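Trainee: I am new to this structure. Please take one part and walk me through it closely.

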Amino acid sequence: MSETWIIIGGWLAAGLTIFLFSFLYKDNPFFKIAEHLYLGAGMGWLFQVSVTNVWIPKIWEPVSKGELLVIIPSIMGLSLLTQFIPKISWISRYGFTFMMGYGSGLAIPAGLSTDFMSQIEGTIKPFSLLASMSPFAIFNSALIAFGAICVLFYFFFSVEHKGHLKKVSNVGIYFLMIYFGAAFGNTVMARFSLLYGRFDDLYTFSGAKYLYATQFILTGMVIYFLVYALFAGRSKNAIKA
Amino acid sequence: MLKEQLQKFSRIDRRWIFLLLAITLLVPIIKPIGLPNKTIAEATSRVYGNIEKLPAGSFVLFSLDYDPSTRPELHPMATALVRHAFSRNLRVGVVTYIAGSTGLIEELFARVSKEYNKSDGKDYVILPYMPNILAVMTQMSSDLYGIYTKDRNGIDVRGMPVMKGVKNYKDMSLIVCVTGTAILDYWVAFVGDKYSVPVAGGVTAISQPGYGPYLQTNQLKGLIGGMKGAAEYESLIKQPGKGTSGIDALNLAHLLVLALILTSNIILLIIKYL
């Protein structure tokens with residue numbers, strides 16, 4: 001890639017990042033431009049990847065070679081598009097039926113095995129190995145089993161939650177709160193990581209190699225907001241007068 | 001008087017907090033402080049251990065399913081993992097089920113393969129993006145060439161030295177999925193559990209707590225979580241990268257959040273009880 005294109009790329013990346021961040025101060029046309037460009041570019045990228053990586057090698061090339069069987073799944077896939085034409089939208093049911101049946105057949109046994117049976121086994125299994133476990137591991141396993149039972153009671157609605165059952169389900173709430181707390185803490189860390197990533201790029205684009213893209217665009221945005229505030233103030237005064 | 005001032009302070013324009021946060025994150029980028037990253041999670045060590053114990057020449061499949069939206073967290077992680085695999089002379093295969101990840105994968109391998117003098121087709125192969133992940137995973141269990149006949153450049157993969165003796169999951173020593181989506185769940189449920197293939201993962205910090213049950217039951221052989229996890233892995237392979245440099249900023253930002261939470265709670269208590 002030539003040096004000029006790298007600089008243009010840097011200006012584009014820095015500009016779009018600053019335009020999107022500018023929403024934190026106030027909604028503005030630059031944010032709208034970046035927002036729409038993001039959606040358009042994303043869809044464009046997905047379209048070209050789908051055409052070059054899927055449509056050409058999986059449909060066009062086999063059909064050109066005389067492998068006509070691929071036409072059947074292709075037609076089923078295309079049938080989904082009839083959703084957009086109400087009169088013939090019933091045709092899409094054939095495609096959806098296949099997808100539903102195929103998806104359910106794969107997902108239900110795997111889900112039951114992975115998220116249900118294996119988790120029950122994982123909760124109970126340590127109690128068969130108590131003799132070989134350290135006191136801390138025993139405590140850990142007991143805590144997990146206790147927590148799982150309490151949370152399950154909290155989500156069991158066929159019995160009124162009162163008396164001992166209420167106490168158990170209340171303990172379940174505390175376990176859930178601990179999970180939500182951990183999830184929230186991690187979410188904060190993740191958001192900061194993403195922000196750090198953008199700032200790191202902005203710092204990279206602020207170098208002489210990129211002709212100080214970040215500084216110029218940031219200054220431009222500040223000038224825009226100052227001018228906008230000035231004109232907005234004047235028009236308000238004019239209305240009052 | 002104090003109460004009124006505090007009430008006024010508690011109604012501060014939140015854009016000041018945004019500015020404070022921006023400064024807190026930007027300062028360590030401009031001038032790194034070098035705060036240490038002393039803790040290494042057991043789940044991260046397990047991923048490292050699983051790659052470390054593989055004999056040279058083993059085939060590891062990387063499912064790199066992230067796009068630019070999660071790049072700061074997951075790209076350093078994937079980079080560290082690929083560096084580790086190359087340093088151990090493992091054969092690397094790459095698949096992706098996210099269309100936006102193809103550019104990032106190209107960038108990663110263009111950079112890291114040069115560091116270890118690895119060549120495309122001989123030491124690693126990048127397979128093209130495929131939609132319908134479940135169909136692909138199912139097909140790969142019997143014959144991966146039924147779905148992947150060519151690499152992302154249109155070259156036939158059957159004749160590549162990197163694919164020698166690799167036909168399905170049984171020929172793979174480890175699968176590592178780096179993703180900001182639920183694709184790791186699919187690898188665990190539809191491949192790891194079903195075909196007894198070791199699966200490890202790298203995920204965003206947001207998703208990390210949800211994978212605890214899989215780690216406890218050993219359905220997941222290890223997990224790297226967020227930028228912190230990336231920094232941990234970089235420490236383990238002794239190659240500091242973007243994950244490690246981000247720790248300064250993360251630590252300072254977390255301290256700022258703690259300070260803000262404490263300050264706002266103290267202010268609220270004073271307003272309520274004084």
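Mentor: Here is a close look at one helix and its surroundings.

This is a predicted model, where local features need pLDDT of at least 70, side-chain atom pairs count only at pLDDT 80 or more, and totals for chains, interfaces and linings use all residues. Residues are numbered from 1 along each chain as its sequence is written, while chains are lettered from A and ligands numbered from 1 in the order in which they are written.

Take helix α5 of chain B, residues 102-115. Helices here are DSSP runs of H or I, at least four residues, and strands are runs of E, at least two, numbered from the N terminus. The expected span is 1.5 Å times one less than the number of residues.

Now the buried side. It holds Thr102(B), Leu104(B), Ile105(B), Leu108(B), Phe109(B) and Val112(B). Seen down the axis, these buried residues fall within an arc of 145°, so they line one face of α5(B). The arc is taken from the directions from the helix axis to the C-beta atoms. Buried means 20 or more other C-beta atoms within 10 Å of a residue's own, exposed 12 or fewer, and partly exposed in between, with C-beta atoms placed from the backbone.

The face turned away carries exposed Glu106(B), Ala110(B), Arg111(B) and Lys114(B).

Cover for the buried residues includes α2 of chain A, and β1, α4, β2 and β3 of chain B.

Thr102(B) touches Val49(A), Thr96(B) and Tyr129(B), not counting residues up to four places away in sequence. Contact means C-beta atoms, placed from the backbone, within 7 Å.

After α5(B) comes Asn117(B), with a positive phi near 55°.

Conventions:
Two residues are in contact if their C-beta atoms, placed from the backbone, lie within 7 Å.
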